[in-house]
Amino acid sequence: MMKLPEAIEVVEVGPRDGLQNEKTRVPTAAKIALVDGLAAAGLRRIEVSSFVRPDTIPQLDDADAVFAGITRRPGVRYSALVPNEIGLDRALLAGVDEISVFTGVTDSFVRANIRMSVEDSLRRFAPLVARALDAGLLVRGYVSVAFGCPYDGEVAIGRALDVTASLIDMGCTEVSIGDTIGVATPGQVARWLDEARRRLDTTRLAMHFHDTRGTALANVLVALDAGIVVFDSAAGGLGGCPYAPGASGNLATEDLVWAMSGSGVATGIDIDALCVASRGVAEHLGRELPGRYLDSCRKY
Ligand code: MG
């Protein structure tokens, strides 16, 4: 029998990773309602937005206003993606609890996203991470395309672990390992985490799966068995990846919560309240969200 923990930590990435990758720009008030609705549903970690230059990601050009508009709940960690010093200044003013920095395993993918090589991104993030830690923030690193890249194909585990180790050495309090395009398989995740255990402190890792080929939840189970207890997901399966043609949304938070609750793994999340929050934002997207639980609830 597979090992299951008593509880997992769910990191809700819908408002940032999700909305960044939706074609439609959601109004600021609806974003605030989404974040507050997620916190009310029991999410204790929410990535709210991204302090990038407003013209680079128009969907998230209102990060300051969203932070100013949300109602902070005690015990909830509100985070934001930060690409540079100016972004960190804005994040500090907004009162974030945690920042995240975004890189990946392959130069082609990282260049397409942030216009620099992997090595350059790590060099650039080191002083940023140090400053954020000095300011008392938590820092999360993202390792995107850790299992497969839309440009380079399958990714060597050793190379992915090098990038992960660099982020941990830099002081990142957590590193999220991303299957950005949703090509990872359970066997691959098991091998990946097996090698990771030999090189790193895997208690610092979170896993970030996409459901492009229907393997996200199976990958979660394999990761649970390997001792991982932090998982990223997005309300209703928001998002996709503009640099990853064909990638569908993130693992839907409802699907993760449903699978865990039936398996005796606590998430602290009220699935009905979560669906209300997801449906609220879906009204502004002009499309049905792909989450399976959410979709099946519509039908009966
Ligand atoms: Mg994602």
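## An exposed loop residue

With a relative accessibility of 55%, E288 counts as exposed, because the cut-off for that label is over 50%. Keep in mind that we're looking at a predicted model here. E288 sits in the loop that links α11 (271–282) to α12 (292–299). Along the chain, E288 and G236 are 52 residues apart, and their C-alpha atoms are separated by 9.0 Å.

## The magnesium site

Now for the metal. Four protein donors reach the magnesium ion: D17 through OD, H208 and H210 each through NE2, and N250 through OD1. Their distances from the ion run from 2.1 to 2.3 Å. If you like a sequence pattern to search with, the donor residues are spaced D-x190-H-x1-H-x39-N. H208 belongs to strand β9 (residues 205–209), while N250 is in the loop between β10 (230–233) and α10 (253–261), so this pair ties together parts that lie 42 residues apart in sequence.

Are H208 and N250 buried or exposed? H208 has 5% relative accessibility and so counts as buried. N250 is buried as well, at a relative accessible area of 3%. Both labels follow because buried means under 20%.

## α9 against α10

Helix α9 (residues 216–225) packs on α10 at an angle of about 50°, and the two axes are 11 Å apart. The pair is therefore oblique, and α9 passes α10 in a right-handed crossing. On the α9 side the contact is made by L217, V220, L221 and L224; α10 brings D255, L256, A259 and M260. Sorted by class, that contact has seven nonpolar residues, one charged residue and no polar ones.

## α7 against α8

Another helix pair is formed by α7 (residues 157–170) and α8 (residues 186–199), which pack at about 50° with axes 10 Å apart. That angle makes α7 oblique to α8. The crossing of α7 past α8 is right-handed.

Which residues make the contact between α7 and α8? From α7 there are I157, G158, A160, L161, D162, T164 and A165, and from α8 there are R191, W192, E195, A196 and R199. By class, the residues of this contact split into six nonpolar, two polar and four charged.

How values were computed
Residues numbered from 1 in each chain as written. Predicted model: local features only at pLDDT ≥ 70, side-chain atom pairs only at ≥ 80, totals over all residues. Heavy atoms only, no water. Donors = N, O, S within 2.8 Å, 3.2 Å for Na, K, Ca; no water. Helix = DSSP H or I, 4+ residues; strand = E, 2+ residues; numbered from the N terminus. Buried < 20%, exposed > 50% of the residue type's maximum accessible area, 1.4 Å probe, protein only. Axes fitted to C-alpha atoms, helices over the stretch in contact; angles between N-to-C directions. Parallel < 35°, antiparallel > 145°, perpendicular 65-115°, else oblique. Left-handed = near helix turned anticlockwise from the far one by under 90°. Contact = heavy atoms within 4.5 Å. Nonpolar A, V, L, I, M, F, W, Y, C, P; charged D, E, K, R; others polar.
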